[in-house]
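Student: Could you zoom in on one part of this model for me? I'd like a close look at a single contact first, and then whatever you think belongs around it.

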Amino acid sequence: MPASRPDSDIEAWVSAYGPGLRRYFRRRASEADVDDLVQDVFLRLQAAKFSAPIDNVEGYLFATARNVLIDAYRQRARSNAAAREKWAAEAPTSDPLSPERIAIGQDEYRRVVEAIVNLPPRAREAFELHRFEHLTYQAIAQRMGITKESVKELMHRALVRIAEDMEVGQ
């Protein structure tokens, strides 16, 4: 294109260079941001005050596109940094391991093991096969010589019984 004035040729430039700018931004930014970035290029072009015609319109547009992309990256970095600072300020502080917390954890562990040991033998077997050996209900059914539905019922009973035992001990 010959030397041109931005204020008189902006619509022609959008038609001529818009698709190329979209391709440029698609390779460098998320698809959701492409239209906004292209628009920013043409807004900057329209807002610029030129004392002389632009000799290399394409070069000028893509240099502007590069600057728009850099500014977008910087803005995103500032936004991410602000979000991290806000999150860090609002994040709950962790409760350090105290002797009391260790004792509570050990007591709960002991109660869970006791609840599992106290399960009826077939429910305990199904529970252990599923939770500790990571077998599927179908594999447990085959090993125990029962149906898959029976395994589901045994697992349900085991979980209810363990939950009840844990509530009683609180």
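Tutor: Start with E153 and R157, which make a salt bridge whose closest N and O atoms are 3.2 Å apart; the term needs a side-chain nitrogen of Lys or Arg within 4 Å of a carboxyl oxygen of Asp or Glu. Keep in mind that this is a predicted model, so local features need pLDDT of at least 70 and side-chain atom pairs count only at pLDDT 80 or more, while totals for chains, interfaces and linings use all residues. Numbering runs from 1 along each chain as its sequence is written, and side-chain values use heavy atoms, with hydrogens and water left out.

Both partners sit in helix α7, four residues apart, or about one turn of the helix. Helices here are DSSP runs of H or I with at least four residues, strands are runs of E with at least two, and both are numbered from the N terminus. Side chains of opposite charge can then pair when their charged atoms come close. E153 is partly exposed at 37% relative accessible area, and R157 is partly exposed too, at 49%; the label covers values between buried (under 20%) and exposed (over 50%), with a 1.4 Å probe and protein chains only.

Elsewhere, salt bridges with shared partners tie D107, R110, R111 and E114 into one network. Take R111 and D107 from it: their closest N and O atoms are 4.0 Å apart, and the two are four residues apart in helix α4, so about one helical turn separates them. R111 is buried at 13% relative accessibility, whereas D107 is partly exposed at 30%.

K152 is partly exposed at 37%, and E149 is exposed at 54%. Over the whole structure, the search turns up eleven salt bridges.

Y109, V113 and V117 make a nonpolar surface patch with about 310 Å² of accessible area together, and V117 belongs to helix α4, residues 99–117. Patches take residues with over 30% relative accessible area and no salt bridge, joining like charges within 9 Å and nonpolar side chains (Val, Leu, Ile, Met, Phe, Trp, Tyr) within 5 Å. The areas are Shrake-Rupley values with a 1.4 Å probe, and for residues only the protein chains shown count as cover.

In α6, residues 137–144, the buried residues are I140, A141 and M144. Viewed down the α6 axis, they fall within an arc of 100°, so they line one face of the helix; the arc uses directions from the helix axis to the C-beta atoms. The buried residues of α6 pack against α5 (121–131) and α7 (148–168), contact meaning heavy atoms within 4.5 Å. Q142 and R143, both exposed, are on the face turned away from the buried side.

Just after α6, G145 takes a positive phi of about 75°. H134, in the loop between α5 and α6, has a positive phi of about 60° although it isn't a glycine. H134 is exposed, at 66% relative accessible area.

Last, the rings. Phe, Tyr and Trp rings (the six-membered one for Trp) pair when their centres lie within 6.5 Å, with planes under 30 degrees apart called stacked, over 60 edge-to-face and the rest tilted. By this rule there are three aromatic pairs. Y24 and F25 are edge-to-face, 5.3 Å centre to centre with 70° between the planes. Y24 is buried at 13%, and F25 is buried at 0%. F127 and F132 are edge-to-face as well, at 6.1 Å and 85°, but here F127 is buried at 7% while F132 is exposed at 52%.
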